[in-house]
Structure formats: structure tokens, C-alpha cells
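This briefing covers a sheet with its packed helices, then aromatic and charge contacts, and finally the nonpolar cores. Please consult the sequence and model shown here alongside the text.

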Amino acid sequence: MNRHDGACVISSDRYVMQGCLQLHATINKDKTLYMSRKKKPLPVLENVTITDYAAEGKSIARVNDLVVFVPFAVPGDVVDLQVRRKKHSYCEAEIIRIVKPSDVRIAPQCAHFGLCGGCKWQNVPYAEQLKMKQKQVHDQLTRIGKVELPEIRPILGSEKTFGYRNKLEFGCCNKRWLTKEEISAGTEYTQMNAIGFHITGAFDKILPIEKCWLMDDLHNRIRNAIRDYAYATGMTFYDLRGKHGLLRDIVIRNSDTGEWMVLVQFHYDEEGDGERAKGLLQHIADSFPEITSLLYVDNQKANDTYNDLDIQVFKGEDHIFETMEELKFKVGAKSFYQTNTEQALRLYSVVRDFAGLTGNELVYDLYTGTGTIANFVARNARKVVGIEYVPEAIEDAKVNSEINGIVNTLFYAGDMKDILTDDFIAVNGRPDIVITDPPRAGMHPDVVQTIIRTGTGRIVYVSCNPATQARDLALLDQYYKVEAVQPVDMFPHTPHVENVVLLVKRS
């Protein structure tokens, strides 16, 4: 058995790549994989050179006229590939052997890399990741937006590349994911309950997570203690197809003030489940005095969302606090707060800088969340009006203004396209500056048109998805010119990137 850099294990009759998602291919002697008797065999592609990065964390290769998308590959790798899905002009494939690793490939730190779909770029040095993200922003703004751009500023990287998150969510399920190696070993697993992350393409199965590197290690100890208690007491885990089972979901948050929040979602099926749930909660409270907000909810819905449910406090407060410069922000279970606390300060500093506030401006902060940006820029503006869909987040935004002695903010709750209308602008005034930080889907076309009708002089557009941002820039381009572009990396080891664009009204 040979090993290169911890990334690939090679044996004479089987190849196992740390970085292939889900099932690994077993290749028969004519080098094809038969998916079923009725389907045509999918080919193996040998000695393929990975040439570049593609969307969604995949890499790309070309074989004759065929474009091949490959997860967990690094440009410069020479690999053998098993085609998994084939279309006319492209296909999707998985690595079955690394013939020659790329010079930039490194060993991933996490034992779950390749099965957990979270950190797809752990096998690439961080400096290389930043280059990829810079290129991603440039490519998407030019290809999709097709607008005139200034030189894009160098991406602001994260000082922490591990342990940077302040929030993680784990599913609890009665069907743990078994790797092909585990299945091939023929071991019968008596314990199929698991706490971890959902497997891509298998919504009803959970990959058990022993250690995640993205958050302070206390979260691993909390999660594993919950698992061990549930195992020891015979607590049922949620069945995602059958819609039954007591232990359903766990959300863990921490903050730069040292506070910790744990929210456990249950699904009460039968008499006594409430007491069983409280037994687990008491065990958590006794084991981890660091937890300052221990919450729970009985979720009987078909999905794990809880914004419309009543969250119960078992111990401590219903919130924790984050700080930013001299400001303090209340974060509840339903609150949105940037998951990389330190990079959030850098991101919002860019927003404030792009806004160019002098103290006399009326600012609209669209998709304000808990009012973090609104309150962050309020001291430099005459007035800030924030709009957000989630009513609880707006209540937090108001509290955050009150906590910090900020009196020049006003917040509204409701669907953006319904709230931001010409009548709304007539009542609240025409904004001098619009700051917008929409979800991944970008802004509704009606919202874009309303912004244009305001005649605002400057728009600061914050996006977690440069592709939809580019689409919106194209809609704005007739009236607004892109003056500055600043990428910010909030999520090391993932293909996700935050991007801030300043638009100035054309004369």
C-alpha cells in the first residue's frame, strides 16, 4: 500500500480516494461500471488532467470535446475517472485513482473530508483557495453581469481558517450513512442512529460526525455528549421518511463574548417524550456549565425550520450577545448573524467605507436581519431605515438599537417586494444611500425596479452569491455604474465567497 500526502490510498484491487463523495466505484475487468441491466455502461476515463476550477467547488477537465466536472479534484491532478452521469456535451465523474497528484494538493485535516460535503477545498492551500474565489467573483460578474467593471480589489482572507464559525447545525437521524467500505466489510451495525450532517443526494441519511474543525472544540464535546446520552437511554432518533422519532436536530452557537447557545429540536411522538427530552436537557445543563442559553422546541412539521415555532428556554437566557467595535448585538435562536464573527467586522467595514457617509444621509438597509449593518452605520448617518422578512429578527434589531443607545433607526417587518413600494418611500423619504444584503437568490425584480425609482445616489450591494448579484447588476446597469468591487472570504475551505459592490448613479 502506497500513500501520497494523506490524500489517496492505493491498493492492488481497490482504490479509495479521500475526496470522492458517497459510493466509490468498483471497476470490473473491462473497465466499465454497469448501473443496471437496462442502462448502458458508463465509461472510465484514464490519465485525465484536471485543468481548472468550476462552480460549486468542483474542478473541470476536458476529454476531447467532452467537459468533465469532478468533485474533490485539484488542478494539476492526473487522474482516472469513473463517469457517474453523462449528458451530450458534459459529464460528471468521480476520482477512482490519482495517477499523479497536483503540486498544490495537500492532505485534508478533517477525517470526514470527501464524505461530508462541507469543506470541499481542504485539499488545497488557503492561498490557492483565495485565488480561486477571486477568479470566481471576476468570472461571474463578467460572464453573467456583462457590465463594465473597475479592477476588482484583492480578496480579504480570513485570519482563522479553522474554528472560525459561530454556528453549526446537526441533524439527528435513525439511518446513518454507511460507506462502501463499511458495506463491503459485511459488518452488521446494531446502532444506526447518528448525529451529523446530511449526505448530498440522500436526504434521509446522516453522516456521523465525530469531530468538526470549523467551530471551537467545545461544540464537538456537546454534540457527542448528546449522542452518548441518547444511545445510553435508548432515545429514538428522527426518521426523515416516516416522520417519527424524538431527537431531531441540534443547533449550537457561540459568540465572541464567550457565551454558548444550544437549541435541541424534538419531535414528540408518544406519552413520556416530554420527560425524556427534559432528561437530555438536564444532562446537557449539568455537563456543560458554559452553556448560557439552553433552548428546545417540539417541531411537528415536515421540515426542520423553526422560525414559526415557539422556542422554550430550559436554562439561562433566550439569547447570547456578539460585539462589533463598541457595539453589542443580541442574537436569538431565530436571529441571522454572520457565521464568521471576525470577518463580519471586515465585511461591514467595507460596507461603511463604500457608503461614504458624512452624517447627513438617509440610508435604507434592505434585508437588515437583526439590524447589524443598520446599527453599525447609524452613528455615521442621519437616519437608517431597515426592512426584514422575519418579525423576530426585526424585534432583535430594535433591541440592538436600544442596547447601544441608537435613536436614529427605524425597522419594518415584511416581504421586501411588498414593503418597499413607492408609498413606503413617500412616507419614509427618498434614500441617499441604499444598502442591500439579500439572500442567495438575490433581489426580486420588483425590488430592483423600486430601488431604481428612488433615484438614490449610491447602492452598496452585499452578496453571498456573486452569480445572482451579477444578474441584479445587469438590471441596474442602465442607471448605475459599478465603482468598486471587494470580495471577502467568510468561509475558508468552501467555494462560497461574499462580495461587496458599490454602484453610483450615472449622470
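Two strands count as paired if DSSP finds at least two bridges between them; helices (H or I, at least four residues) and strands (E, at least two) are DSSP runs numbered from the N terminus. The model is predicted, so local features need pLDDT of at least 70 and side-chain atom pairs pLDDT 80 or more, while totals for chains, interfaces and linings use all residues. Residues are numbered from 1 along each chain as its sequence is written, and side-chain values use heavy atoms, with hydrogens and water left out.

**Sheet and packed helices**

- Seven strands form an open sheet of mixed pairing, in the order β13-β12-β11-β14-β15-β16-β17.
- The edges are β13 (202–208) and β17 (312–316); each has a single partner strand, so one side of each is left without a neighbour in the sheet.
- From one strand to the next, the twist averages 30 degrees (axes are lines fitted to C-alpha atoms, for helices over the stretch in contact, with angles from 0 to 180 degrees between N-to-C directions).
- Strands β11 (residues 167–173) and β14 (residues 247–254) run antiparallel and are joined by 5 bridges; Leu 168 has Ile 252 in β14 as its bridge partner.
- Helix α3 (residues 218–233) packs on the sheet, touching β11, β12 (194–199), β14, β15 (260–266) and β16 (291–298), where contact means heavy atoms within 4.5 Å; the direction of α3 makes about 160 degrees with that of β14.
- Helix α4 (residues 273–287) also packs on the sheet, touching β14, β15, β16 and β17, and its direction makes about 170 degrees with that of β16.

**Aromatic and charge contacts**

- The structure holds 11 aromatic pairs (rings of Phe, Tyr and Trp, the last by its six-membered ring, with centres within 6.5 Å; planes under 30 degrees apart are stacked, over 60 edge-to-face and the rest tilted).
- The rings of Tyr 53 and Trp 121 are tilted, because their centres are 5.9 Å apart and their planes lie at 55 degrees.
- Lys 328 lies over the face of Phe 321, at 4.6 Å from the ring centre (NZ of Lys or CZ of Arg within 6 Å of the centre and within 35 degrees of the ring normal).

**Nonpolar cores**

- The largest nonpolar core has 85 residues, and Ile 222, Leu 247, Phe 266 and Ile 284 have the most contacts inside it.
- Such a core is a set of buried Ala, Val, Leu, Ile, Met, Phe, Trp, Tyr and Cys residues joined through side-chain atoms within 4.5 Å, buried being under 20% relative accessible area, exposed over 50% and partly exposed in between (1.4 Å probe, protein chains only).
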